[in-house]
Amino acid sequence: MSPTLEYYCPCQSSTPHPPQPNLPSSSYSFHALHNLYFCEECDAIRCNHCVMVEVSGYYCPNCLFEVPSASVRAEKNRCRSCARNCFMCPCCSNTLTVVPSDPPDDGDGRPPPIISATGEPPFFLYCNHCRWDSAEVGITFEKPTGLAAQLQKFEDSAPEALEFERLKEHFEPYLRASPSTSGHGLGHSHSTHINPITAAASSALARDIPGVARYTPHISARSRSGRDKNSNRHEVPDYRARVEIGSTGLNLGGGAESDVDFVRHLETVEEMATLEQRWGNSWIISPRASDLKPVRIPLHSKKSKRCPSCRHILIKPEQKAQSVRYKIKLVAANYLPAISISLPHMQAALAMLRRSGRAGAEPQDGTMLAGKTYPFHLSFTNPLYDPIQVRLHVQRALPPTSPNAPPDAEKARRPPFAVTLPSAAFPIAAFAEAWEYDDDEDMFGIDDDDFDGRGGGGAGRDARGKSRTVGVLERRANVTVVGGEVMISKEARGDVKFNMLVSYTYRSDDPDPADELGTPSRTQAQNRQPEMKTFSFYTVVDLGTIIVRDASGNDTE
Amino acid sequence: MDLPIYYVRGEYIETDTGNKVSRKATIAGPQNIILGGKTVIANGAIIRGDLRRTGAGHAVVISLGRYCLVGEGCIMRPPYKTYRGNFNYYPMKVGDHVHIGANTVVEAAQIGNHVEIGKNCVIGKFTIIKDCAKIADNTVIPPNTVIPALSLFAGSPGQFVEDMPESTQEMVEAMTKGYYTRFQPDPSLPPANTR
Ligand SMILES: [Zn+2]
Ligand SMILES: [Zn+2]
Ligand SMILES: [Zn+2]
Ligand SMILES: [Zn+2]
Ligand SMILES: [Zn+2]
């Protein structure tokens, strides 16, 4: 495994500082740069955990038909409008094909991939991956078109479907009376969104079952919605179910005697439908594998994303379902320097392997020995049209250990390694369009024995003439490579993983009035011309696992 | 900081438009194959331009765009079917910035731009892969599957796993361009044909 570096989004934490890298919460808070967004308004990094997601369009992932939102509700989020009848195999989830009876053989034992309406009826749905076909469960069609409508009848007559329709009717007046919950109050957390159906259901549940709290996503209960719901909760009349779910007669799957009987007479495990095969169903279905029905393909959606605090749009895709373009795309990669990390000793070993003919050789896991010192390289690429100055810091603070941890454990938590980074700020030149297309340029980084070469300003100045590994190693185009060093103690175990604070100073184009509204990560140096601003963000660096050379610990060199 | 990917000089033929085709690849029916430029056909790859539609005249069987990679040991074979009693091959069209991992078999009808296909995959006949999609290593895509834009597929049969990030296009483009630049003759070795 190659060393990795990820970027921090502070949304999971109450402080601007990230969790210690050895904590499980760390991996949840750090992301690859390409997965992050940037809100210019808030001057902050956003991630997929914190952005607000809105559906901007639906489409069928199989026939790629774009489905208008209104009909999505009517069709219960399934592909039906398409003439090609999109169904999924209940056994393997492959897309099913409509085939006529006695499919003509095309040489490999499979029916022809494109149906021709000229075949013989009856038609059925066939899986060309696992060879399941709908005739097995008694579903055949007279015509190869309009299959969805034919199956719809069957689906809609299920007792559970009827019951759900009645429930919806029952709550309809209440839903119409309650104020719209969407689009209110800017500046609130995104969790204030409560689906009216959820609200109604939770209110009914809270009334009927003592001790069940109503579903109140935090914050929201504080103001408006709490009051609204209290005034409304008693207006919902009682609902009397017509069907007792779970005892819908003779059908399997309800947990009744017939189920026990079925399981008792199982001969092979394959007779039982797997959990996965039944999981996606809205209601209980038969556990018998031979009862599985073709599944409607659920629609996919295109999504817009908004900043959770100021609600500005960060991502807005083009309307067309299969377009990969965006009307708005504020991704962090356009604001923050891209940082990649490598271990020269690992790269040297890898280059050796590749030269010896193993072109596909992958970096190996755990290539750092306890008790040794290794240099590492950080390569910074500036996406901005202005040069930037970068400063690096290692986050040194230790996690508070649990109070009941034994002293040994306490000792083991001491950082088993020390990281040295360039202490001075270093420059990265501006991004220029032309560099992107310069294919002939040498972009293979540095020659290991040529550190003091091109533009290597401050390399190893503080190293008592011994090592020249820490400092700026190379500058070319909008890339600056700096060297760092990690000293691993003899007792060290586990991963060499640390948090690194990156601050970069750039020239600001426009004075930002929002600055007074508290953006702690960015500070202004008011008295300089032109106006300079600094933005800081955390990263986590994972250099890999430490190898312990000898279990007995008496390794010598 | 990525390492160069060296090959022995002379092992690859470089065309005017910068395509690099291994001498150890099998290019059948080259007159029916189009390479867009700066595309790499690796050692052991097999491209079946000879499997063309019956009938007279010149026909493009397989076309690949710019900055593509057909990995080591890949097989690119046009899809075929019997329609109204006639057996026929159909053309395969691959866009720009498409990487196909080692030992993958492709019988797709259409692959868009900025698509990554992993190692050891089987891409079934008449599969359509839209822009910026990704197929994970070891995935089997059954015939006639449609892979929507910006989606990741994995498994056997291949299934939708998640949406690809919004910056996929830029990332894949940077990756394919970087790969082409890094793919170069080993300066420390003499050309293969002099040894
Ligand atoms: Zn976040
Ligand atoms: Zn469809
Ligand atoms: Zn199947
Ligand atoms: Zn989906
Ligand atoms: Zn914002």
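**Exercise 1. What is the geometry of the site of the zinc ion (ligand 3), given its four donor atoms?**

Work from the predicted model.

Step 1. Find the donors. The SG atoms of Cys89(A), Cys92(A), Cys127(A) and Cys130(A) coordinate the zinc ion (ligand 3), at 2.2 to 2.3 Å.

Step 2. Check the angles. Among the four donor atoms they run from 99 to 118 degrees. Four donors count as tetrahedral if all angles lie between 85 and 135 degrees. The site of the zinc ion (ligand 3) is therefore tetrahedral.

Step 3. Read the spacing. Along the chain, the donors of the zinc ion (ligand 3) follow C-x2-C-x34-C-x2-C.

**Exercise 2. Decide why Cys89(A) and Cys92(A) count as buried.**

Step 1. Take the cut-off: buried means under 20% relative accessible area.

Step 2. Apply it. Cys89(A) has a relative accessible area of 1%, so Cys89(A) is buried. Cys92(A) counts as buried because its relative accessibility is 10%.

**Exercise 3. Describe the site of the zinc ion (ligand 1).**

Step 1. List the donors. They are the SG atoms of Cys9(A), Cys11(A), Cys47(A) and Cys50(A), at 2.2 to 2.4 Å.

Step 2. Assign the geometry. Angles among the four donor atoms span 105 to 113 degrees, and the site is tetrahedral.

Step 3. Read the sequence pattern. The donor residues of the zinc ion (ligand 1) are spaced C-x1-C-x35-C-x2-C.

Step 4. Check burial. Cys47(A) and Cys50(A) are both buried.

**Exercise 4. Which residues touch the most other members of the largest nonpolar core?**

Step 1. Name them. The core has 49 residues, and Leu336(A), Phe376(A), Leu378(A), Phe380(A), Leu392(A) and Leu543(A) touch the most other members.

Step 2. Find the top contributor. Strand S22 (residues 495–507) of chain A gives the most to this core, with six residues.

Step 3. Look for another core. Apart from this one lies a core of 30 residues, including Met92(B), Ile117(B), Ile141(B) and Phe153(B).

Step 4. Follow Leu336(A). Neighbours within four places in sequence aside, Leu336(A) is in contact with Tyr7(A), Leu33(A), Phe38(A), Ile45(A), Pro383(A), Tyr504(A), Phe535(A) and Phe537(A).

Key. Residues are numbered from 1 along each chain as its sequence is written. Chains are lettered from A and ligands numbered from 1 in the order in which they are written. This is a predicted model: local features need pLDDT of at least 70, side-chain atom pairs count only at pLDDT 80 or more; totals for chains, interfaces and linings use all residues. Side-chain values use heavy atoms; hydrogens and water are left out. Donors are N, O and S atoms within 2.8 Å of the metal (3.2 Å for Na, K and Ca); water is not among the atoms, so sites may look incomplete. Four donors count as tetrahedral if all angles lie between 85 and 135 degrees; four count as square planar and six as octahedral if opposite donors are over 155 degrees apart and all others between 65 and 115; anything else is irregular. Buried means under 20% relative accessible area, exposed over 50%, partly exposed in between (1.4 Å probe, protein chains only). A nonpolar core is a set of buried Ala, Val, Leu, Ile, Met, Phe, Trp, Tyr and Cys residues joined through side-chain atoms within 4.5 Å. Helices (H or I, at least four residues) and strands (E, at least two) are DSSP runs, numbered from the N terminus. Contact means heavy atoms within 4.5 Å.
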